[in-house]
Amino acid sequence: MKILILGAGQVGGTLAENLANEANDITVIDSDSTRLRELQDRLDIRTVQGMASFPTVLRQAGAEDGDMVIAVTNSDEVNMVACQVAKLLYKTPTTICRVRANAYLAKPELFYQRDQKKDLDSLRGFPIDVLISPEHLVTKHITRLIEYPGALQVLEFSKGLVQLVAIRATEGGPLVGHELSYLRSHMPKIETRVAAIFRKDRAIMPQGDTVIEDGDEVFFIAASDHIRSVMSELQPLEKPYKRIFICGGGNIGQRLAHTLESRYQVKLLERDHERCVMLSENLRKTVVLEGNAANKDILLEENIENTDVFCAVTNDDEANIMASLLAKRLGARKVLTLINNPDYVDLIQGGDIDVAISPQQTTIGSLLTHIRRGDVVNVHSLRRGAAEAIEAIAHGDHRSSRVVGKRLDEINLPEGTTIGAIVRHSEVLIAHDHLRVQPDDHVILFLVDKSRVRDVEKLFQVGLTFF
């Protein structure tokens, strides 16, 4: 596809890297020539310097015959106007727009979505096909981690019927030190499949005789009702969380407090006085505190040692890291830290900081969902972009499809790819060799090697006989 990416920041740069590696025709627009030069030195892409919303700049970048515009500049206004210009002047088929300000998101009538498309001449509002809100995505991500104590990542498929969970195997878990086949005999009524194991950052494709070791990062898939049971096999089950302490009252902090306050005891610490006043007026049950999270006395005063989860979600990586380390040292049970710089994520996760959350990777997965070929309805980026989980719909019949009508052991999957589960008419079927793929099945796959994405897409593209 010919794709225009507006904005060469961390999300735009990471997205360009993902898509350029998959042989797409990528053009990146940004007003910062230094950023563009850095990208062009690393990637086989075209760059255009200029204001991304200007018609002349979009035309210079090739918007007239582009398949898609992805607007991810740091300005919501530039993103929205650029999508409008691309759609109205250049008839760009698909426009994807990142919008961060809640003032816009709270007014859905400002946008039309793909399922509500009307004739362009009668449009009212910004013609955006897909609206992406990083704050909303990050909030959902953190909320799932709080709902499943001990998880490193929790991903949903098929409207929540199936979940893929990453968890660190810990001594004391019944399965640790045993072969995977032991899981079936130990939990005969629970259907699950281990999709991949990462041991010292090296991927292991699981077999029945694979032994789970202490410290392994295990990705397993199961129906949502069975997630906690499987987690208890891999590490001693943690008690549910009750007390949440949020550091940072920005967009993410406010959303998170609003989402959690009805089910948990939530405290939110913000250093700006005016922001504190606004938060206290808008949040119903959250205790809003004014102060600096790097202040040891404030944390001790608020009984940080009794806190179940400390979430550092300011827009300053260094402040998040220092506040998290201090909270952990003072006795916080679990620490979740928002890290915008992707280079920091691998450095800090797994030590005193339990989970490092990258907004870029959370956003990239959502963007890729709308870019993948074949009928792909869900994409999740895993392990900082090294692996990927995909939900694809099988169409056609045995003559036009490479998967429909075949048993799972007959499908020629790319190396490093496993099928974890199939969702058929709201029924979850965990993958077994004898299972046959039927039309309209939702097939959930795990890819250890991202370079194989194109091969997986081809598997789910229907041949001409289907038409």
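Leaving aside neighbours within four places in sequence, Thr307 is in contact (heavy atoms within 4.5 Å) with Arg243, Phe245, Ala332 and Arg333. This is a predicted model, in which local features need pLDDT of at least 70 and side-chain atom pairs count only at pLDDT 80 or more, while totals for chains, interfaces and linings use all residues. Residues are numbered from 1 along each chain as its sequence is written, and side-chain values use heavy atoms, without hydrogens and water.

Thr307 lies in the loop between α11 (296-301) and β17 (309-312); helices (H or I, at least four residues) and strands (E, at least two) are DSSP runs, numbered from the N terminus. Thr307 counts as buried because its relative accessibility is 6%, where buried means under 20% relative accessible area, exposed over 50% and partly exposed in between (1.4 Å probe, protein chains only).

The next part is a sheet. Five strands form an open sheet in the order β20-β21-β24-β22-β23, with antiparallel pairing; two strands pair if DSSP finds at least two bridges between them. β20 (376-382) and β23 (427-430) are at the edges with a single partner strand each, so one side of each has no neighbour in the sheet. On average, neighbouring strands of this sheet are turned by 20 degrees against each other, direction ignored. Axes are lines fitted to C-alpha atoms, for helices over the stretch in contact, and angles run from 0 to 180 degrees between N-to-C directions.

Antiparallel strands β21 (residues 387-393) and β24 (residues 442-447) are joined by six bridges. Glu388 has Leu447 in β24 as its bridge partner. Helix α14 (residues 359-369) packs on the sheet and touches β20 and β21; the direction of α14 makes about 155 degrees with that of β20.
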